[in-house]
Structure formats: C-alpha cells, structure tokens
Amino acid sequence: MTTTSDRVNLLDLAPCHEALEEELLAAAKRVITTQQFVLGPEGKALEQEVAEYTGAPHAIGCASGSDALLLALRALDVDDSQVVVTTPQSFFATVGAPARLGATVEFVDVEAETMNLDPAKLKEYLASCSKDSEGKLISPRSGKRVTTLITVDLFGRPCRYDQLEALACENGLSIIEDAAQSMGAGLNGQRCGAWGRVACFSFYPTKNLGGAGDGGMLTTRDDELAERLRSLRVHGMAPGGKRYYHREVGWNSRLDELQAALLRVKLPHLDAWNASRREHAAAYDDAFEGLEGLTPLARPADGVEAIYHLYTLRSTPAATSCARTSTSTGSDRGSTTPSRSTCRTASRTTATARGTCPSRSSSAARSSRCLCIPSWAPSGASA
Ligand SMILES: Cc1ncc(COP(=O)(O)O)c(C=O)c1O
C-alpha cells in the first residue's frame, strides 16, 4: 500500500527551495537592506537576463502574466472595433485580456496531438475573411477588423511559428505570444519570447520559472513597443521622463524587486530543470505507448524544444475516472483548463463572436479529458 510520504505531488517546490535556500534568503535580504522595492536594480538586471535568455532585445517586467497580455494588447491599440483570434485551449487570462478591452474574441481550433493552435485551421479561418476598401481583414463572424492573433505555447510546447508567422505576415496580423507556460522552450533554435510582435510570460509560483508571488514579463524586438510598454506599466509616464507627467492612461503593473531578486537566483538553473522535465516526459512517452485509454500528446517534432510545464495525456472517460483514484494510490494528477468551459464563459461574458466555439466533437472539445501528471525536476540546484 502506498503511504502519504510515497505520494508524488503534481508540483513540489520544496527540493528546489531547500537547495537554493541560502541564495534566496540572501537575495531577499539584499532587497530589504537597500530599501528599493519597486523598479530598482534587481528588476533591471532580471529584464536584461531574460532578454539575453530569450533572444529578444527588450524585456519589460510587470505584475503578472495576465497583465502582460493586457499591456501587450493596449500597446498594440486593440479596442472594441477589433477581433482578436486565439485558441480555446488555454488558461482563461488569454481570452480575459482582450475581453477587458472590449475586443471580440474569435476562436480557431487546436491540433489534437499538441493542443496548440492549428495552422491549417487558422489558414481556413483567414481564407473565410473578406477585405475592406483599405485591404484590411474583416471577420465573416462578427463583421469586425481582424488585427491580432494570440498564440499559446501550451504546456511548455511552442506553437508552429514557422507557419503561423508567415500567415500572420501575409494577413497583416500582429502575433502576441502567450508564453506563460513556456520559458525556455523553443523552435528551430529560437526561444519562446522571441516570436511574434511581443511575448508574455508569467512568474506565477507553479511555472517552470516561478516567483514567490505574482509576476510577469514581456519580451519584444520592437523598440517603440518596448518604450510604450514601459510607460503603460507606470500609468503612462514616459520611462526616464518627467515624473508625474503622464502622456496616456496606463495603470500600475510593476514587477517588484523582491520577486525579481528571487527569480534571478532561479533563472540560471532553469535549463537544467527543464532538461530534467524532458527526461521524465521521454520516460512517460515510452511507458504510455500503446496503453489503452491514455494517449500522451505527440512527442515533439524535429526542431521543437518542449519544456513540459505540464506532462499531459488525453484520456477516455474510463481512464479518467481510474486516474481520479490515483491521488490515493501514489501519484497526484490534475486536469487542464477545459476548452468548452473557457468558450462558454467567454461567450456569456465577453464579445465572443457567435459560432466560434469549437463543437463538442472537435479536437478542442476532446481536450476537456486531458490529464496532467508530475513532470517537475526533483533536484534543486544544478549548474
Ligand atoms: C497560458 C497562460 N496565460 C496566461 C496566464 C496568466 O498568468 P498569471 O497567472 O501570472 O496572471 C497563465 C497562468 O496560469 C497561463 O497559463
């Protein structure tokens, strides 16, 4: 019989925090001693380190992954006259952000094998759009201008940006990469954070690079966009400009120094932790091969570097109910955000265009039977 101590939790941060305890406490003390708690040297240094890590020239800290999405949309001037296209398979923040700005959210379905946005379905959707007199794309569903695509690198696996970027470019769409779950993942040698116009990260404690509270970061290659984001996160004050002079309405969305200092301790270990997650995933892939009722998502294709924020299986109802009992038999499990629930809530509470929620029989709907099992790195510090 399995005892409580044998149980593997879906995530356990204790080994990592114990191994790094001295450094984490020293970092916290450093911030408390300097008394610089907001927009100080730790945040600046973390921004530089994340920029180097992702390969995007600019990194801008903010209060959370949700705020990163909202800031990105605001910086791209998304408003209620526009359509934001996205996946139905994500955490609710992905649709909540455009909805808060009054934009119409339209869904394009995912690939069943990866749960990421399907480039072929996006192509179909774009082909169904018309063009107005200025050549701008008009949605057949809502009659509004289609301007923005939010991609989500779900479970730590990058989307097919080699195809999505070309489609976006041909159709004049800006890509916002929701990379909240994928710090360290990449495609064809280019890391998440360096795709699209702008990318959004979350440092929520359960993420592969997680803080001790909320936090987020944006990355971009676009100098002007970076400047606007730095301004929007401090109520529209120009960065380095006159204090209390506000050139537009923003809000307070700053990453605090304590979070930045702790994240700087963890970042150098991220690659080793992600490598360990990949090893676990490969072992799971082998173990689950051919098993009835439980199908792992596809192994990463050539050029795809996944970091397994969550190791996910698609399961039949019978296997799901069997897995439910696993909490008492040794292994924790979790379910992912059900796509139909995201769609339904979005339809009820936001300007979601009618008929854009994938049907029950579609691949996205099947994802409501996704199971996640532990994939985290057991060891703490590793160089
Ligand atoms: C895909 C995705 N987008 C956005 C977010 C929002 O991030 P945060 O919780 O930091 O606001 C999350 C967090 O769970 C997420 O997984």
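Two strands are said to pair if DSSP finds at least two bridges between them. With this definition in hand, one may turn to the present structure, which is a predicted model.

One part of the chain forms an open sheet of 3 strands, in the order E9-E8-E13, with antiparallel pairing. Its edge strands are E9 (190–191) and E13 (304–305), each of which pairs on one side only. Strand E8, made up of residues 186–187, pairs with E13 in the antiparallel sense over 2 bridges. Within this pairing, Leu187 has Val304 of E13 as its bridge partner.

This sheet belongs to a chain that contains 13 helices and 16 strands. The chain has 383 residues, of which 45% count as buried.

Strand E1 (residues 58–62) illustrates burial in detail. Of its 5 residues, 5 are buried, and therefore the strand is largely enclosed by the rest of the structure. A residue counts as buried here if 20 or more other C-beta atoms lie within 10 Å of its own. In a regular strand the side chains alternate between the two faces of the sheet. In E1, His58, Ile60 and Cys62 point one way, while Ala59 and Gly61 point the other way, and all are buried. Strand E1 is joined by 5 bridges to strand E11 (residues 216–220), and the two run antiparallel. Across this pairing, Gly61 stands opposite Met217 of E11.

The helices also pack against one another. Helix H6 (residues 119–128) and helix H7 (residues 161–170) have axes 10 Å apart and pack at an angle of about 10°. Because angles under 35 degrees count as roughly parallel, H6 and H7 are described as roughly parallel to each other. On the side of H6 the contact is made by Pro119, Leu122, Lys123 and Leu126, and on the side of H7 by Gln163, Leu164 and Leu167. These contact residues divide into 5 nonpolar, 1 polar and 1 charged.

Finally, the structure includes a ligand with 15 residues around it, of which Ser64, Gly65, Ser66, Ala180 and Ser202 come nearest. Helix H4 (65–75) and helix H5 (93–100) each supply at least two residues of this shell.

Key:
Residues numbered from 1 in each chain as written. Predicted model: local features only at pLDDT ≥ 70, side-chain atom pairs only at ≥ 80, totals over all residues. Helix = DSSP H or I, 4+ residues; strand = E, 2+ residues; numbered from the N terminus. Buried ≥ 20, exposed ≤ 12 C-beta atoms within 10 Å, placed from the backbone. Near = placed C-beta within 6 Å. Axes fitted to C-alpha atoms, helices over the stretch in contact; angles between N-to-C directions. Parallel < 35°, antiparallel > 145°, perpendicular 65-115°, else oblique. Contact = placed C-beta atoms within 7 Å. Nonpolar A, V, L, I, M, F, W, Y, C, P; charged D, E, K, R; others polar.
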